[in-house]
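This report describes the architecture of a two-chain model, taking each chain in turn and then the contact between them. The sequence and structure are shown first.

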Amino acid sequence: MTNLIETVNLAATPADLVLHDRVHTSLYTDARLFDEELEKVFYSTWVWVAHASEIPDNGSYKSTYIGKQPVIVVRDRKKDVHVLLNRCRHRGATVCEHKKGKTNSFVCPYHGWSYALDGSLRGVPHPESYADCLDKGELPLVSLRVEQYNGMIFATFKDDIEPLEDFLGAAKKWIDLFMKQGAGYGVKVSGEHRFRFPGNWKIQLENTTDAYHFPLVHKSFLSSVDEQTLELFDFVKGPGYVEDLGNGHSVMVMIPDLVDLEADLDKPIPERFETLAQELRDEGIDEQQVRRIVRAVGGSGFNLNLFPNVACSMAFFRVLQPVSVTETEIHHAVITMDGGPAVANRYRLRLHEHFQGPMGFGTPDDSEAWERVQKGAQAGSDLWIMLNRGLPGEKPSEDGLVSDVSAETGMRAAYQQWKKMMSA
Amino acid sequence: MNIELLNHVSAFIWQEADMLDHGEFDAWLNLWADKGTYIIPIDPNETDFENTLNYAYDDHHMRQLRVQRLIGGESISTSPRARTVRSLSRFRVLGEEDDVVTVRCAQNLREFRKDVLKHYTADLTFQLKRDGDSFRIQRKLIQLINSTDTLAGIGYIL
């Protein structure tokens, strides 16, 4: 089968570039497509901006990006969450340069225009010169539509798209399962590793439901863990699965036993957690709660990939941010139990450091592989990226389609959503 | 100023740096106290490293695993290995208590791997436990000046 498309073919539409089992190399390399993606994907759908625990109090905020546009996520005095474009309505300067913090207002450093936490323009210095030509009501910080599901905060530029819960659809029950790792204390984001790699954002998007790479790319990580953990991560030949959940979302279940962290609490505690369990008992925590904490401490047995920019990935949130057609920023936000026992939270922090981040035993190898994809994709611009793994065994499921754990079903789901949005 | 002590700790720390640049990892592991910690924090104002997220928070076991990852040939981000040259200067003894000398210095490190030359600048703070006429590292704290920025993979020991 040959599907040749000219290197520069202005007539090729996004629909021509995504087939059911492959996507065209230009999806990684074409700067025009990247600009179109910002408009048609990132500025046209629900994009994750924060977890509720990142802005816990009145006046708490974080600054981030939707696509390439800087935004502020802030909780006002009434506890309502606003997502505001980080751009003064006077001459365009950013009004907030801190990554996170707490404030009563946002004041532009250039001429001192000040905005309330809901974005309304409160005051401008020396208003005399404007006489009656400035209506403050017309110049608030631009406020986006915001909706939340189970602590996950999303925003969109579009007032006319479906409600967030409809967009998440079948992914919602997986979000609920993921949040069980709060073990009754609640999920709390406690910092993040941020890094960039020289490659297209969709290379990372694909990776979240790619079990196939794990034993090879993460060999050095697997060599560094104990016997029981090694067994747990030997999932490529196991009974796990990947499921297309609709709207570009998908889930890869690597460890079926750890899908529901509140089930099977009466099972014996694995040997590697015995020391932790004893420390928790010594703090006076009852046996049932000890088991709940220990079972949840390594995270859920699945990666939930939410199109286009966030994943609930075992024990952390993975956030991607497109920088250019050949550069992507990634955040791996660590999860702890909000107010949970420090000894168990330390276990979670050390686990995150072990795999994630620029000095982790996992992330740098992923990053290297993705960099190689971007580099290799410069060759053979008429070639295709193959995504046909697991097709023969793929079957309809209650929520969409399901195939084996190392199937490329999740990637196919994401690219079908990409195709739909890019063709709109 | 105790110039003799300054010379002593500087010589020890230069030796550590030279071992890391030249891949003498067994010798490097032997410089450490059993309960020593190797820490690369993210937040420059953080002091409770144990209960916060770091880039690295290594005890003896994790240091051994990290070395193994560097030399094991199983990791595509560490083979080929990065070449590094680090310069250390601006040594200052901050104090001594219970045979533990605290020293701060500046580190400028150049890394070359494949086709990219990178530069990392950090404040290093060592806690050195006196051991006969030398020291054991009780804690090495590496505070990168760009720790709050996005970093790329660091496939060696800072």
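## Overall organisation of chain A

In this predicted model, 65% of the contacts in chain A between residues at least 6 apart in sequence join residues at least 24 apart. The secondary structure of chain A comprises 14 helices and 21 strands. Its radius of gyration is 23 Å, close to the 22 Å that the globule rule gives for 424 residues, so chain A is as compact as a globular protein of that length.

The C-alpha trace of chain A extends over about 75 × 65 × 40 Å along its principal axes. Of the 424 residues in chain A, 47% are buried.

## A three-stranded sheet in chain A

One open sheet of chain A is built from three strands in the order 2-11-10, with antiparallel pairing. Strand 2 (47–51) and strand 10 (145–149) of chain A stand at the edges; each has a single partner strand, so one side of each is left without a neighbour in the sheet. From one strand to the next, the twist averages 30 degrees.

Strand 10 of chain A is joined to strand 11 (residues 152–156) of chain A by five bridges, and the two run antiparallel. Within this pairing, Tyr149(A) is placed opposite Met152(A) of strand 11 of chain A.

Leu280(A) belongs to helix 10 (residues 274–282) of chain A. Is this residue, Leu280(A), buried or exposed? It has 23 C-beta neighbours inside 10 Å, and Leu280(A) therefore counts as buried, the threshold being 20 or more. Neighbours within four places in sequence aside, the contacts of Leu280(A) are Ile285(A), Val290(A), Ile293(A), Pro341(A), Val343(A) and Ala344(A). Thr336(A), 56 residues from Leu280(A) in sequence, is 16 Å from it in space, C-alpha to C-alpha.

Two packed helices are described by the angle between their axes and the distance between the axes. For helix 10 and helix 12 (residues 342–355) of chain A, the angle is about 155 degrees and the axes are 9 Å apart. Since angles over 145 degrees count as roughly antiparallel, helix 10 of chain A is roughly antiparallel to helix 12 of chain A. Helix 10 of chain A contributes Leu276(A), Glu279(A) and Leu280(A) to the contact, while helix 12 of chain A contributes Val343(A), Ala344(A) and Tyr347(A). By class, the residues of this contact are five nonpolar, no polar and one charged.

## Overall organisation of chain B

Chain B contains three helices and six strands, which follow the pattern α-α-β-β-α-β-β-β-β along the sequence. The radius of gyration of chain B is 15 Å, close to the 15 Å that the globule rule gives for 158 residues, so chain B is as compact as a globular protein of that length.

Along its principal axes, the C-alpha trace of chain B spans about 45 × 30 × 30 Å. Buried residues account for 30% of the 158 residues in chain B. Among contacts in chain B between residues at least 6 apart in sequence, 52% connect residues at least 24 apart.

## The sheet of chain B and its helices

Six strands of chain B form an open sheet in the order 2-1-6-5-4-3, and the pairing is mixed. At the edges stand strand 2 (54–58) and strand 3 (83–97) of chain B, each with a single partner strand, so one side of each is left without a neighbour in the sheet. Neighbouring strands of this sheet are turned against each other by 15 degrees on average, direction ignored.

Strand 3 and strand 4 (residues 100–113) of chain B run antiparallel and are joined by twelve bridges. Val85(B) has Arg110(B), in strand 4 of chain B, as its bridge partner. Helix 1 (residues 3–21) of chain B packs on the sheet, where it touches strand 3, strand 4, strand 5 (116–131) and strand 6 (134–144) of chain B; its direction makes about 150 degrees with that of strand 3 of chain B. Helix 3 (residues 60–71) of chain B lies across strand 1 (32–41) and strand 2 of chain B, at about 70 degrees to strand 1 of chain B.

## The contact between the chains

The contact involves 28 residues from chain A and 24 residues from chain B. On the chain B side, strand 2 and helix 3 each supply at least two residues. Strand 2 of chain B gives the most to this side, with four residues. By class, the side of chain B that touches chain A consists of eleven nonpolar, ten polar and three charged residues.

Conventions
Residues are numbered from 1 along each chain as its sequence is written. Chains are lettered from A and ligands numbered from 1 in the order in which they are written. This is a predicted model: local features need pLDDT of at least 70, side-chain atom pairs count only at pLDDT 80 or more; totals for chains, interfaces and linings use all residues. Two strands pair if DSSP finds at least two bridges between them. Axes are lines fitted to C-alpha atoms, for helices over the stretch in contact, and angles run from 0 to 180 degrees between N-to-C directions. Two residues are in contact if their C-beta atoms, placed from the backbone, lie within 7 Å. The radius of gyration is taken over C-alpha atoms; the globule rule is 2.2 Å times the number of residues to the power 0.38. A residue is buried if 20 or more other C-beta atoms lie within 10 Å of its own, exposed if 12 or fewer, and partly exposed in between; C-beta atoms are placed from the backbone. Ala, Val, Leu, Ile, Met, Phe, Trp, Tyr, Cys and Pro count as nonpolar, Asp, Glu, Lys and Arg as charged, and the others, Gly among them, as polar. Angles under 35 degrees count as roughly parallel, over 145 as roughly antiparallel, 65 to 115 as roughly perpendicular and the rest as oblique.
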